[in-house]
Amino acid sequence: MSGDKKVAFELEIPAKAKYISLARLFAGSIARRMNFSEDSVDDLKIAVSEMCTNAVVHTGNGTADKPPINIRFIVGEESLTIEVQDQGPGFDPRCVLESQPSELLEKGFGIPLIRSLVDVFECHSSPGGGTKVSITKFLPGRERR
């Protein structure tokens with residue numbers, strides 16, 4: 001994987017649901033340009049929608065002047081990484097990442113769904129410090145070694 005040149009694009013959207021489609025369209029366009037299969041493009045679009053929906057909900061759902069949501073698309077030769085960062089109240093990610101799927105049913109399907117659609121899922125958050133969720137999808141045959 002050494003020598004994997006990367007290019008990053010950034011998108012900043014207001015913390016309102018009506019702007020999530022922009023992030024989804026941007027992710028789909030980049031993934032198609034990278035020659036991901038249509039199934040993988042759809043997986044990435046669903047994952048980005050869920051990530052942005054969580055960010056909007058936990059950042060006030062557009063009910064007040066809230067800080068924007070930042071979305072970063074990192075295009076590599078072998079993978080696409082998408083980071084969604086909000087400035088919401090944050091949380092202890094262990095309560096989600098270390099839970100069994102059945103325990104998460106009470107909290108929603110967002111994170112288990114995202115994890116099932118991508119190759120790498122990471123969540124960094126702390127109470128009062130906002131949340132950054134990162135996903136990576138590898139092109140077929142170029143999975144992380």
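**Cysteines**

I started with Cys52, which is buried at a relative accessible area of 0%. My cut-offs: buried is under 20% relative accessible area, exposed is over 50%, and partly exposed lies in between (1.4 Å probe, protein chains only). Cys123 also counts as buried, at 10% relative accessibility. I then searched the whole structure for disulfides and found zero. A disulfide here is a pair of cysteine sulfur atoms within 2.5 Å.

**Ground rules**

The model is predicted, so I note that local features need pLDDT of at least 70 and side-chain atom pairs pLDDT 80 or more, while totals for chains, interfaces and linings use all residues. Residues are numbered from 1 along each chain as its sequence is written, and side-chain values use heavy atoms, with hydrogens and water left out.

**Aromatic pairs**

How many aromatic pairs does a search of the whole structure find? It finds two. Rings of Phe, Tyr and Trp (its six-membered ring) pair if their centres lie within 6.5 Å; planes under 30 degrees apart are stacked, over 60 edge-to-face, the rest tilted.

I looked up Phe9 and Phe26 and found an edge-to-face pair, 6.4 Å centre to centre with 85 degrees between the planes. Phe9 lies in strand β1 (residues 7–13) and Phe26 in helix α1 (residues 20–33), so this pair ties together parts 17 residues apart in sequence. Helices (H or I, at least four residues) and strands (E, at least two) are DSSP runs, numbered from the N terminus. Phe9 is partly exposed at 35% relative accessible area. Phe26 is partly exposed at 31%.

Phe26 also pairs edge-to-face with Phe73, at 4.8 Å centre to centre and 70 degrees between the planes. Phe73 sits in strand β2 (residues 69–75) and Phe26 in helix α1, so the parts tied together are 47 residues apart in sequence. Is Phe73 buried or exposed? Phe73 is buried, at 0%. Ring pairs link Phe9, Phe26 and Phe73 into a cluster.

**Surface patch**

Val7, Phe9 and Phe26 form a nonpolar surface patch with about 240 Å² of accessible area together. Patch residues have over 30% relative accessible area and no salt bridge; like charges are joined within 9 Å, nonpolar side chains (Val, Leu, Ile, Met, Phe, Trp, Tyr) within 5 Å. A salt bridge is a Lys or Arg side-chain nitrogen within 4 Å of a carboxyl oxygen of Asp or Glu. Areas are Shrake-Rupley with a 1.4 Å probe; for residues, only the protein chains shown count as cover.

**Helix α5**

In helix α5 (residues 110–117) I listed the buried residues: Gly110, Ile111, Ile114 and Leu117. Seen down the axis of α5, they fall within an arc of 130 degrees, so they line one face of the helix. The arc is that of directions from the helix axis to the C-beta atoms.
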